[in-house]
Each structure stands twice: as C-alpha cells, then as structure tokens.
Amino acid sequence: MSNCGSSIYNPDKSNREVMDCKITLSTPAVSILHGLMGDKEMWLYLMVKGGGCSGYIYELELLEDEPTNSHQVISQDGVKLAVHELDSSLLNGMLIDYEDKLMGGGFKMNNPNAKRSCGCGLSFA
C-alpha cells in the first residue's frame, strides 16, 4: 500500500535557484478556480513540500491572504497564482490542468522539471 504524501521531512532549499517562474493554467483549471473564488479576491498558492513517494509533493491552497515579498505572482485570466521564490526552479514551465472525471479527477500537474512522478500525480522528484 502506498503512503503517498505521508512523509513530513523538509527538503533542503539552500541550493535552489531563484528564477522568473512561468506557470500556465488550462482553460478548465481557470474555470474551476473562478467558481471556487466567486467574487472574492483570492490567490492560488502553489507550494512544494518534502514528502510523497518521490521526494516532493505539490500543495495548492486558495487563500484571501496576500502574498509576501518572497512570492512571485503570476496572473492569468483573472486568477492570481502565488509561488514562493525558492520553489520557482522546481515549478518553472509547469501546466496546471483540471480533469473532470468520476475517479481520479481534479487538478493535474504537468511539470517538465520532474525527473519522475508518482501514480497519484501529486508527488515528484
């Protein structure tokens, strides 16, 4: 049985390169996020944490809290995405999609920087 996402170690961030992060949201992802945000001003936080089956795990949070100076904000079609600068090199070039399926649906991460990923779609290395 897989324990995907159960690890709680923190990956070393000391050697991560900070870069201008480019992330794209698919049309279905934008549509779902607009529905979740309603008329509130919110930011979608995309984070990388230690854990999962492959070493890192994605975390998405939709919050009303404004990003700090250590975040990069990417705006697309009315959605504001906040990425911590230390996660930028791990997430640059990524596509966030949304699949509407009865089983296994939800947000999907297509990350060109991932050397490998887990079957759950949330963990990568």
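## Salt bridges

Lys49 and Glu59 form a salt bridge, with the closest N and O atoms 3.3 Å apart. Lys49 sits in strand S2 and Glu59 in strand S3 (residues 55–63), so this pair ties together parts that are 10 residues apart in sequence. Lys49 has 36% relative accessibility and therefore counts as partly exposed. Glu59 is also partly exposed, at 25%. The model is predicted. It holds 4 salt bridges.

Another one joins Lys80 to Glu41, with a closest N to O distance of 2.5 Å. This pair links distant parts of the chain. Lys80 belongs to strand S5, while Glu41 lies in the loop between H1 and strand S2 (43–51). The two are 39 residues apart. Glu41 counts as exposed because its relative accessibility is 51%, and the cut-off for exposed is over 50%.

Glu99 and Lys101 also form a salt bridge, the closest N and O atoms being 3.4 Å apart. Glu99 is partly exposed at 29% relative accessibility. Lys101 is partly exposed at 47%.

## Overall fold

The chain has 2 helices and 8 strands. From the N terminus, the order of elements is β-α-β-β-β-β-α-β-β-β. The chain counts 125 residues, of which 38% are buried. Its accessible surface comes to about 7400 Å². Carbon and sulfur atoms account for 49% of that surface.

Take the contacts between residues at least 6 apart in sequence. Of these, 60% join residues at least 24 apart.

## The S1-S6-S7 sheet

3 strands make an open sheet with mixed pairing, in the order S1-S6-S7. Strand S1 (24–25) and strand S7 (106–110) are the edge strands, and each pairs on one side only. S1 and strand S6 (residues 95–99) run parallel and are joined by 2 bridges. Thr24 has Leu95 in S6 as its bridge partner.

Helix H1 (residues 27–37) packs on this sheet. H1 touches S1, S6 and S7. The direction of H1 makes about 70° with that of S6.

## Leu81

Leu81 is part of strand S5 (residues 79–84). Is Leu81 buried or exposed? At 1% relative accessibility, Leu81 is buried, because the cut-off for buried is under 20%.

Which residues does Leu81 contact, leaving aside neighbours within four places in sequence? They are Ile23, Leu44, Leu46, Gln72, Val73, Ile74 and Ile96. Leu81 and Leu25 are 56 residues apart in sequence, with their C-alpha atoms 9.3 Å apart in space.

Definitions and conventions. Residues are numbered from 1 along each chain as its sequence is written. This is a predicted model: local features need pLDDT of at least 70, side-chain atom pairs count only at pLDDT 80 or more; totals for chains, interfaces and linings use all residues. Side-chain values use heavy atoms; hydrogens and water are left out. Helices (H or I, at least four residues) and strands (E, at least two) are DSSP runs, numbered from the N terminus. Buried means under 20% relative accessible area, exposed over 50%, partly exposed in between (1.4 Å probe, protein chains only). Contact means heavy atoms within 4.5 Å. Accessible areas come from the Shrake-Rupley method with a 1.4 Å probe; for residues, only the protein chains shown count as cover. Two strands pair if DSSP finds at least two bridges between them. Axes are lines fitted to C-alpha atoms, for helices over the stretch in contact, and angles run from 0 to 180 degrees between N-to-C directions. A salt bridge is a side-chain nitrogen of Lys or Arg within 4 Å of a carboxyl oxygen of Asp or Glu.
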